[in-house]
There are 2 protein chains.
Amino acid sequence: MAHRRTLRVNYNKATNVVCVVGSELSVNLDRSAPPGSNFFSVKCTPNVKFELRPPLGESSQQALIPLSGNSVILISMSKASQSEREDKLSVYYYGSGSTSKVLGTAVLHLTAIEISLDVDADRDGIVEKNNPNKESWTWGPKGHGAILLVNCDSENIYNKSPDSEDPRKLKVADLKDMSLMVLRTRGPAELPEGYKLAMHISQGDAESVRVFRAASREVVKSSLHKIFSSFVKDYPLVLSSEVLSKKVPYLGGSAEMNFYVEGLRFPDKDFDGLITINLSLLQPVKAGIPETPIFTDKVVFRVSPWIMTPNTLQPVEVFVCSTSDNYQFLKGMKTLVTRCGYKLKICHEYLNRGDRWMQDELEFGYIDSPHHSFPVVLDSPRDGKLDVFPYDELLGPDFGYVTRVACRKDVSSLDSFGNLEVSPPVTVNGKKYPLGRILIGVAFPTATKGRNMTKVVQDFLWAQKVQEPVALFSDWLCVGHIDEFMTFVPAPDRKGFRLLLASPDAGYKLFRGLSNDGHGQAKMFDGVKKEVYVTVDDILRDENMRHENNYVQSCIDWNRDVLKRELGLDDDDIIDLPILFKLDDEDKSRAVAYYPDMVNMIVLGKNLGIPKPFGPKVNGRCALETEMCSLMEGLGLNCVFIDDFASYHELMGEVHCGSNVRRKPFDFKWWNLEL
Amino acid sequence: MAHRRTLRVNYNKATNVVCVVGSELSVNLDRSAPPGSNFFSVKCTPNVKFELRPPLGESSQQALIPLSGNSVILISMSKASQSEREDKLSVYYYGSGSTSKVLGTAVLHLTAIEISLDVDADRDGIVEKNNPNKESWTWGPKGHGAILLVNCDSENIYNKSPDSEDPRKLKVADLKDMSLMVLRTRGPAELPEGYKLAMHISQGDAESVRVFRAASREVVKSSLHKIFSSFVKDYPLVLSSEVLSKKVPYLGGSAEMNFYVEGLRFPDKDFDGLITINLSLLQPVKAGIPETPIFTDKVVFRVSPWIMTPNTLQPVEVFVCSTSDNYQFLKGMKTLVTRCGYKLKICHEYLNRGDRWMQDELEFGYIDSPHHSFPVVLDSPRDGKLDVFPYDELLGPDFGYVTRVACRKDVSSLDSFGNLEVSPPVTVNGKKYPLGRILIGVAFPTATKGRNMTKVVQDFLWAQKVQEPVALFSDWLCVGHIDEFMTFVPAPDRKGFRLLLASPDAGYKLFRGLSNDGHGQAKMFDGVKKEVYVTVDDILRDENMRHENNYVQSCIDWNRDVLKRELGLDDDDIIDLPILFKLDDEDKSRAVAYYPDMVNMIVLGKNLGIPKPFGPKVNGRCALETEMCSLMEGLGLNCVFIDDFASYHELMGEVHCGSNVRRKPFDFKWWNLEL
């Protein structure tokens with residue numbers, strides 16, 4: 001239904017009215033008819049259309065029409081006026097039908113204008129004109145509604161901070177991080193006296209969005225201009241948390257004015273991500289009285305969620321730390337990454353201050369819209385000595401930054417992002433997760449005490465919605481990260497990936513086989529642990545170790561059941577890796593890997609960088625490496641074993657904990673999800 | 001799909017297992033088979049069911065079955081065990097198919113138990129057994145999911161506070177405000193050693209719910225017991241914000257244990273109203289290691305929203321204030337209310353301290369569930385001298401209390417609840433609102449400054465969801481309440497009601513008619529304003545007044561357009577009442593009623609208590625009263641005019657502002673909404 005506005009008219013007095021094309025004016029003809037009026041007739045210029053309620057019967061429009069208490073005329077205009085009061089509609093009132101004596105005439109002088117606040121509601125990167133769906137937002141390939149990015153990168157390289165934090169520091173380059181919104185108007189050179197246009201937002205939305213306007217129709221595009229001009233002069237701030245409503249100029253004739261919409265907040269527990277921006281035409285009343293909004297056009301945006309990238313996506317950059325003692329590891333990583341053709345970025349000691357756990361301080365993700373996309377690092381509340389790295393080194397032009405601030409006392413080892421992973425795309429009982437599902441580790445929900453991922457981070461992850469999280473049980477591990485017992489690798493068949501799980505049962509099976517085949521005296525840790533000589537048979541004889549590993553297996557099986565259920569996996573989608581653990585009785589019987597934990601690998605396309613396990617040698621080759629290669633071979637994956645024993649394994653981490661990979665975004669667009 | 005749990009077995013060692021009826025155990029037979037095993041066979045007692053994966057072909061189950069890496073047996077039990085380890089399943093491993101030499105045997109001793117955490121998921125007031133939909137919540141008559149009340153009444157009459165504020169003050173009478181939840185178990189007299197049941201909730205839900213348990217199977221129901229027993233002894237607290245997980249007893253045999261679930265928070269911006277309660281069976285591991293949850297049953301509740309009652313619902317009690325100067329008004333109200341057969345409750349001066357605006361300090365509503373319902377007063381942040389009334393006088397047994405705390409500086413006259421109303425049920429473009437829509441008044445969204453209803457109250461109202469609010473424009477009035485220009489009355493036809501709107505146009509039309517009929521010299525305010533003599537013609541001659549009223553009419557028309565659009569009304573659903581306003585230039589040209597504002601009435605079924613307008617008399621009868629009666633007569637409504645001139649009208653309020661009505665709840669149940 002067209003927007004309909006009640007209008008009052010006076011007989012024997014002309015009324016000047018502005019009518020927005022596409023809307024209707026509704027005039028009760030009886031309300032201010034001259035006393036004694038019983039009939040009326042209507043005359044108007046061609047650009048004016050009208051309908052009568054109750055509708056006329058078969059009688060001609062020329063005849064006098066009976067006036068009743070509910071006689072209403074609905075007036076609309078078919079195109080914008082070129083000059084003010086270009087059109088006219090007159091209502092003539094009569095006492096009786098038989099005489100033509102006019103008791104009074106109500107005259108409307110009409111000015112028509114076209115107003116359309118436009119956005120890219122069909123998500124093709126172009127701001128179309130007056131999309132009929134621009135006022136609402138729906139998910140899916142047939143969905144509609146515009147998209148906004150949180151301007152969380154920093155165009156400033158020096159003295160940097162996320163751009164959305166301070167509008168005074170914005171640059172012209174920030175425009176590409178914002179969503180274009182166009183105000184299209186058509187009408188006379190000027191609006192009738194006192195009429196104005198105003199853009200406005202609600203109190204609730206104001207903390208999540210800012211709107212800027214291009215000051216002139218054409219901002220000079222010279223590079224000189226870019227250097228010397230001030231952003232706020234060329235793109236004045238229109239709406240913000242301080243200003244919820246502001247007049248915007250009417251340019252006259254057929255005009256377009258560009259606005260730039262900047263997202264300030266990611267979806268969170270108290271913010272669903274939707275923002276409405278309104279544009280109203282205001283009618284003057286009198287001095288001291290607020291103008292009346294007589295027409296409002298609105299558009300809806302949804303802020304892009306923060307999206308994680310699973311191991312199956314193509315790597316772009318690999319990050320590791322350089323420390324005084326990890327030369328061997330760095331060398332292995334450099335060889336692997338270079339061979340794969342990716343960039344290796346090293347965080348040097350002056351920055352990492354000895355903190356080597358590159359995986360734990362941050363998680364790479366991205367935000368996406370039809371007009372722009374960029375990576376965004378989620379900074380963990382872990383805040384180790386690597387704390388400054390995400391902000392100081394990663395944040396930059398087209399590289400965003402987001403964090404959640406937690407109480408120090410609430411932060412535990414489970415807040416490190418080795419405990420935050422994401423699955424490849426899955427389908428679960430018919431429900432599609434084309435961006436996969438986020439996985440985190442927590443204590444058993446039944447545990448009366450236990451470590452947990454802090455609530456502010458969990459709330460943030462759940463609020464992103466597009467990769468609905470699954471909570472696993474990781475509190476059984478000393479370090480407590482899910483990457484200690486699971487990872488995903490690409491596969492050419494089935495669902496496109498395999499879930500790899502650490503498995504003491506698979507470990508014992510391998511060791512038993514070795515013993516049966518006469519390799520019971522083969523030594524573990526050959527070359528790395530000079531003081532210890534542990535043979536395959538030693539391990540098989542150790543009843544206590546077997547018990548501990550049965551417990552570990554039951555913990556992993558618990559997660560296996562959850563993963564099968566929540567990711568829709570079959571047993572054939574899962575590969576068990578031969579890994580043994582031991583319990584640390586000082587730390588409440590929590591577990592650590594007994595030898596380098598091969599599942600804690602880095603996945604770079606078809607190449608896997610795996611912690612060198614230093615297992616028992618058979619015919620000069622490590623039996624664990626042989627088994628690992630044989631398991632991965634069938635998937636077309638290449639295993640590269642990296643010595644992380646002294647510099648990572650003995651500090652309770654491995655290759656994955658000590659590295660991080662920024663990957664290409666999904667081809668699949670998050671707004672095409674069917675939620 | 002049945003809940004499936006991965007189980008490890010050892011050959012040559014019996015494993016004791018608890019299996020919950022309805023769930024499956026999944027055992028990979030190859031994982032811990034004796035070395036050299038190539039075949040297996042299975043034997044079990046009748047209560048045990050099993051399936052093999054990959055499934056057996058046509059071959060008999062007696063034959064030896066080939067063992068492969070993915071040989072899995074799925075085990076389930078058909079009924080609860082009467083004693084521990086009553087059932088048994090054995091897997092025999094063989095080296096080759098042709099020999100019957102058994103290499104090893106894996107034996108499972110099985111104990112089956114039935115566990116069901118039950119709620120009233122079908123919303124009939126009875127806790128049924130194991131409703132398949134109890135884990136989710138959907139709206140509508142075909143929807144499902146249990147319902148919870150916020151225990152916001154006070155069973156204590158002295159030293160009172162909403163019961164949910166302090167669990168130590170609970171009484172047995174509080175049980176009826178809580179939702180019954182039953183844990184049904186069946187199995188041996190005791191759980192196998194170390195197994196336990198635990199009830200648990202998430203961190204996020206814990207601030208919104210508490211769970212109590214009946215300490216014994218049957219609490220003595222004598223009145224003596226009620227007086228002397230301690231609630232917390234008979235109904236110990238199980239879960240709260242302090243305790244997220246707690247063991248609960250297993251009673252043995254066929255048993256039911258009652259739990260009582262108490263809601264603590266209304267839906268709000270950061271709480272969607274949904275709460276999940278879990279019950280897990282825990283398997284022992286070893287001392288110092290948390291037990292593993294091997295089966296979890298869950299139920300979902302939604303907290304009842306707070307629901308307002310429109311004028312079309314039957315009144316129960318009418319509330320007014322007694323002040324030193326309102327005897328006349330009180331007398332009129334008493335006559336009206338008594339005649340209608342309702343209760344008049346008078347708030348005396350020692351309590352109201354001269355604050356007569358009973359409408360503004362509070363809003364009556366209710367909460368509802370299949371098992372219980374009670375009225376709940378929403379206390380306004382207005383906090384005038386009537387402030388203590390809702391808490392001190394209304395809060396009590398089966399009378400709840402809720403408020404939202406706002407910053408003093410954010411509170412304006414628009415926070416008074418004369419500015420908070422609700423429409424009767426409506427249908428808008430096919431969308432049904434069977435509980436009506438909440439209406440509030442604010443400034444124009446385009447106003448750069450203006451008064452507003454405070455955000456905490458608006459957030460609360462929107463979060464209730466079932467009466468989706470509509471924001472009207474009321475800042476044009478000095479006092480700024482929507483009840484100054486609109487109300488709803490019941491009607492026998494059309495949508496079951498009419499919207500009454502104050503209308504200066506209707507007022508002028510009436511006065512012009514009077515003048516034309518020779519009553520131009522009839523006096524306004526006859527009998528109440530001795531010093532002023534204003535005639536009908538004086539009013540018609542006053543150009544300035546006409547201008548002011550044109551403005552007022554345009555403000556009301558703006559609201560009329562919004563109401564028509566948002567409530568799906570036609571012009572025929574609206575009746576214009578002849579009321580004139582004047583602008584108060586000291587208060588930014590805001591409006592007040594010129595004579596008593598008849599739309600500000602109290603609606604008691606078919607009887608309307610209307611401010612006596614003191615209009616011009618024609619043949620000894622007030623022409624405004626005559627018009628009002630004639631407009632209402634067609635709807636079968638009876639007008640009673642109450643003199644509120646000196647004690648209310650001159651203080652810028654009228655009958656509605658000075659009264660409040662508690663009404664019966666809707667017959668329609670909020671959970672039957674299609675949202």
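Student: With which residue does Arg31(B) form a salt bridge, and how far apart are the closest N and O atoms?

Tutor: In this predicted model, the partner of Arg31(B) is Asp505(A), and their closest N and O atoms lie 3.3 Å apart. Across the interface of chain A and chain B, 10 salt bridges are found, and 18 residue pairs are in polar contact. The elements of chain A that each supply at least two residues to the side touching chain B include strand 1 (4–7), strand 12 (196–200) and helix 8 (504–516). Helix 10 of chain A gives the largest share of that side, 10 residues. By class, the side of chain A that touches chain B holds 24 charged, 19 polar and 15 nonpolar residues.

As to extent, 58 residues of chain A and 57 residues of chain B take part in the contact. The area buried between the two chains is about 5,000 Å², and carbon and sulfur atoms give 47% of that area. On the side of chain A, Arg8(A), Arg31(A) and Thr446(A) lose the most area to chain B, together 14% of what that side buries.

The same surface serves both copies, as 98% of the contact residues of chain A recur in chain B.

Methods. Residues numbered from 1 in each chain as written. Chains lettered and ligands numbered in written order. Predicted model: local features only at pLDDT ≥ 70, side-chain atom pairs only at ≥ 80, totals over all residues. Heavy atoms only, no water. Contact = heavy atoms within 4.5 Å. Buried area = accessible area lost by both parts, 1.4 Å probe. Salt bridge = Lys/Arg side-chain N within 4 Å of Asp/Glu carboxyl O. Polar contact = N/O pair within 3.5 Å; in protein donor to acceptor, adjacent residues only side chain to side chain. Helix = DSSP H or I, 4+ residues; strand = E, 2+ residues; numbered from the N terminus. Nonpolar A, V, L, I, M, F, W, Y, C, P; charged D, E, K, R; others polar.
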